[in-house]
Amino acid sequence: MGILDFFRRPVEKRSAMSGFTAEIMSARESYISGRRGIAELTATAQSCVSLWEGAFSLADVTGTDLLDRRSLALLARSLALRGEAVFKIAESGLVPCSDWDLRTRNGKPVAYRVSISEAGGGTTETLLAGEVLHLRIGADPVAPWLGTAPLRRASLTAGLLNALETALAEVYENAPLGSQIVPYPEGPETDMTSLGRSFRGQRGRVLLRESVNVSAAGGPAPAVDWKPADVTPDIERSMSVESLAAARDGIAGAFGVLPGLFNASTTGPLVREAQRHLAQWTLQPIAMLLAEEASEKLGGTVGIDVMGPTQAFDAGGSARALATIVQAYAQAKEAGLAPAVVDAALAKLDWK
């Protein structure tokens, strides 16, 4: 090496998404996207995941600045598809981890080895439990340090939904929808194997013509021979539409979404009730788990509210209850009841 080599710019070598790296990423795609790679690709599951993301993005967080809306959206999507989410607690904010393994003591994690994705290649770090924000849902007593996704907990329904959508997609792609066979007896003998293969994908076309310009028993062929034969598969008799609707409703219920929300005849009150049910019984408990984990790891009392920002409450019922209470209060004063007695009675009512 000469003295001028010190002034030359070194050649940088970077890893690209090709070859062995692409194979590794493809092998781990199902794990990263949800550990199953089946029903996560359906519109039903992605709609439910979007509801989780939107609700957590709107959540009000008090007590910390680390839980920003971007981190909450990433956390919600990871919880919906993987059942758990891990973030490294850094000075600049929360850093999402793509993969991790851990060590436990008494069933509680004490150390983590996390992988952080970067544009030019990921990095691996070893962290203590206090340096990691780990949220999990659907944990089993056998392995309380692992979370389970809703689709994994309902794997039979997810598999049914995947099988139905795949089967219907193949039917609409390959079946001869709208095709007909018209009688036309005069013609050379046709190879039925080749004819059967030609039916694939022939939609709305005449697949076989058979001549009826012949005489039988001294007369022309009857006109009924001109009636075409339809080769469109009878999907209705297979009950696939009803089975598909039932599978979709099951997946929506697994995510905590009322199936009526996706119904075409849904009305406004049902939409509000579905939003309140999702926020109250599914997302707010998860938010409380996250608030407890954040309060323990971040050193302060953290509060997360999903109900208020999403307006997932019965505003009409609260207004009617308030009107009834005000009317009862006025009637009590007209009847001569002591204000202290009325106030004590109203204090025992939780009308909100």
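Trainee: Which residues is Phe 255 in contact with, leaving aside its neighbours within four places in sequence?
Mentor: In this predicted model, Phe 255 is in contact with Ala 45, Cys 48, Val 49, Trp 52, Ala 80, Pro 150, Leu 151, Leu 278 and Thr 282.

Trainee: Where is the place of Phe 255?
Mentor: Phe 255 sits in the loop between helix 8 and helix 9.

Trainee: Is Phe 255 buried or exposed?
Mentor: Phe 255 has 0% relative accessibility, so the residue counts as buried.

Trainee: How many aromatic pairs are there?
Mentor: The count comes to one aromatic pair. The ring centres of Trp 52 and Phe 255 are 5.8 Å apart.

Trainee: Why is that pair edge-to-face?
Mentor: The planes of the two rings stand at 85°, so the pair of Trp 52 and Phe 255 is edge-to-face; the cut-off for that class is over 60 degrees.

Trainee: Which parts of the chain does the pair link?
Mentor: The pair links distant parts: Trp 52 belongs to helix 3 (residues 43-58), and Phe 255 lies 203 residues apart from Trp 52.

Trainee: A change of topic: where does Thr 148 lie?
Mentor: Thr 148 is in the loop between strand 7 (132-136) and helix 5 (150-153).

Trainee: Why does Thr 148 count as buried?
Mentor: Thr 148 counts as buried because its relative accessibility is 18%, and the cut-off is under 20%.

Trainee: What does the side chain of Thr 148 reach?
Mentor: That side chain reaches the backbone oxygen of Gly 138 at 2.6 Å. Beyond its neighbours within four places in sequence, Thr 148 has contacts that include Arg 82, Gly 83 and Arg 153.

How values were computed
Residues are numbered from 1 along each chain as its sequence is written. This is a predicted model: local features need pLDDT of at least 70, side-chain atom pairs count only at pLDDT 80 or more; totals for chains, interfaces and linings use all residues. Side-chain values use heavy atoms; hydrogens and water are left out. Helices (H or I, at least four residues) and strands (E, at least two) are DSSP runs, numbered from the N terminus. Buried means under 20% relative accessible area, exposed over 50%, partly exposed in between (1.4 Å probe, protein chains only). A polar contact is a pair of N or O atoms within 3.5 Å; within protein, one must be able to donate a hydrogen and the other to accept it, and residues adjacent in sequence count only if both atoms are side-chain atoms. Contact means heavy atoms within 4.5 Å. Rings of Phe, Tyr and Trp (its six-membered ring) pair if their centres lie within 6.5 Å; planes under 30 degrees apart count as stacked, over 60 as edge-to-face and the rest as tilted.
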